[in-house]
Amino acid sequence: MLTTEQVAAFERDGFVTVPGFASRASCERLQARANEMVDAWEPSEHRSVFTTNEQERQSNREFLDSGATSWCFFEEEAFGPDGELAQPKMLSINKIGHAQHDLDDEFERFAYDPRLAEVADDIGLVDALALQSMYIFKQPRIGGEVSCHQDATFLYTDPVTVTGFWFAIEDATLDNGCLWAAPGAHRSSLRQVFKRNDLDDPASSDGTVFDVLDPEPLPAPPVELDATTSSLVPLEVEAGTLVVLHGLLPHWSGPNRSGTSRHAYSLHCISGQADYPDWNWLQRPADMPLRPLAR
Ligand code: FE2
């Protein structure tokens with residue numbers, strides 16, 4: 001699937017963009033399905049908000065169980081001072097995660113596309129297993145920032161193999177909160193790992209903790225989206241573009257203050273030959289094993 005130049009770009013930069021990987025029609029089908037899932041979603045009284053801010057993350061039961069479900073997480077800014085949604089539910093969800101590729105036909109079709117298995121082969125991801133799905137809405141005006149991170153922090157294997165397959169379902173621009181990534185910085189250390197906290201203690205089993213491995217900071221995000229102020233570069237891409245992201249690559253996306261949503265679907269895969277520790281936050285039940293990408 002990938003050209004020699006694209007594979008070389010991935011090895012050099014830690015990411016590669018593949019315009020036109022997904023057809024407009026398949027993007028539209030996935031978007032329609034995601035909207036149906038939100039429409040059918042009845043929020044529980046405990047409202048899960050998704051944020052990567054360490055202080056504000058609500059590591060609740062829904063989050064920790066969502067490795068095996070399709071859960072809707074609210075945008076952090078979705079609620080007004082009265083605690084009620086400040087805009088329609090359809091414009092309030094941050095993301096759906098994290099197992100819809102194994103639970104929903106439309107997502108399954110998209111994720112288990114044999115061409116994606118070829119991309120995994122091309123970049124040397126051996127025995128690729130589909131681990132985690134996120135349908136990301138990056139809603140107009142309230143779409144939340146995703147702080148600079150390495151995916152291996154959240155989906156760790158020994159050795160590091162997690163690879164992000166990120167699909168623009170809508171055009172991603174500077175205005176609506178496109179991805180930014182630090183070219184070449186995948187050849188640096190893993191800074192921290194995100195762990196379930198004290199698995200043996202049922203009273204604290206909904207907790208998580210960050211373990212710092214290397215205090216070296218990740219690249220700072222740009223000031224007012226000015227690319228000259230950061231080592232991160234913006235990845236403005238059209239709908240249908242696939243962005244392949246190395247698990248150690250620092251990446252970031254800003255808040256969306258524009259009137260346009262920025263839908264994306266991301267599928268994280270790992271190698272079946274690497275060790276997946278039981279302290280990773282995402283754990284699948286024994287009756288729901290990870291499946292290889294389709295061939
Ligand atoms: Fe990420």
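**Close-up 1. Pro159 and its cis peptide bond.** Pro159 sits in the loop between H7 and E6. Like every view here, this one comes from a predicted model. Follow the backbone from Asp158 to Pro159 and you will meet a cis peptide bond, with omega near -5 degrees.

Close-up 2. Where does His98 lie? His98 is part of strand E3, which covers residues 93-98.

Close-up 3. Which residues of the protein are donors of the iron ion? They are His149 and His251, each through NE2, and Asp151 through OD, and they lie 2.1 to 2.2 Å from the ion. Along the chain, the donors follow the spacing H-x1-D-x99-H. Asp151 belongs to helix H7 (residues 151-154) and His251 to strand E12 (residues 251-253), so this pair ties together parts that are 100 residues apart in sequence. Is Asp151 buried or exposed? Asp151 has a relative accessible area of 7%, so it counts as buried, the cut-off being under 20%. His251 is buried as well, at 5% relative accessibility.

**Close-up 4. Strand E11 and its pairing partners.** Strand E1 (residues 15-18) pairs with E11 in the antiparallel sense, over 4 bridges. To find this pairing on your screen, look for Thr17, whose bridge partner in E11 is Val243. E6 also runs antiparallel to E11, and 5 bridges join the two. Here you can look for Thr163, which stands opposite His246 in E11. As you trace a strand, keep in mind that in a regular strand the side chains alternate between the two faces of the sheet.

Close-up 5. Asn176 lies in the loop between strand E6 (163-168) and strand E7 (179-181). Although Asn176 is in a loop, it is buried, with a relative accessible area of 2%. What lies around Asn176? Leaving aside its neighbours within four places in sequence, Asn176 is in contact with several residues, including Lys138, Asp171, Asn256 and Arg262. Its side chain also has polar atoms close to the backbone: one lies 2.7 Å from the backbone nitrogen of Thr173, and the backbone oxygen of Ser261 lies 3.3 Å from a polar atom of the Asn176 side chain. Ser261 is also listed among the contacts of Asn176, along with Ser258 and Thr260.

**Close-up 6. Arg141 and its positive phi.** Most residues other than glycine have a negative phi. Arg141 is not a glycine, yet its phi is positive, at about 70 degrees. You will find Arg141 in the loop between strand E4 (128-136) and strand E5 (146-149). With a relative accessible area of 53%, Arg141 is exposed.

**Close-up 7. Leu225, another residue with a positive phi.** Phi of Leu225 is near 60 degrees, which is a positive value in a residue other than glycine. Leu225 is placed in the loop between strand E9 (208-212) and strand E10 (233-235). Its relative accessible area is 37%, so Leu225 is partly exposed.

How values were computed:
Residues numbered from 1 in each chain as written. Predicted model: local features only at pLDDT ≥ 70, side-chain atom pairs only at ≥ 80, totals over all residues. Heavy atoms only, no water. Buried < 20%, exposed > 50% of the residue type's maximum accessible area, 1.4 Å probe, protein only. Polar contact = N/O pair within 3.5 Å; in protein donor to acceptor, adjacent residues only side chain to side chain. Contact = heavy atoms within 4.5 Å. Donors = N, O, S within 2.8 Å, 3.2 Å for Na, K, Ca; no water. Pairing = 2+ DSSP bridges.
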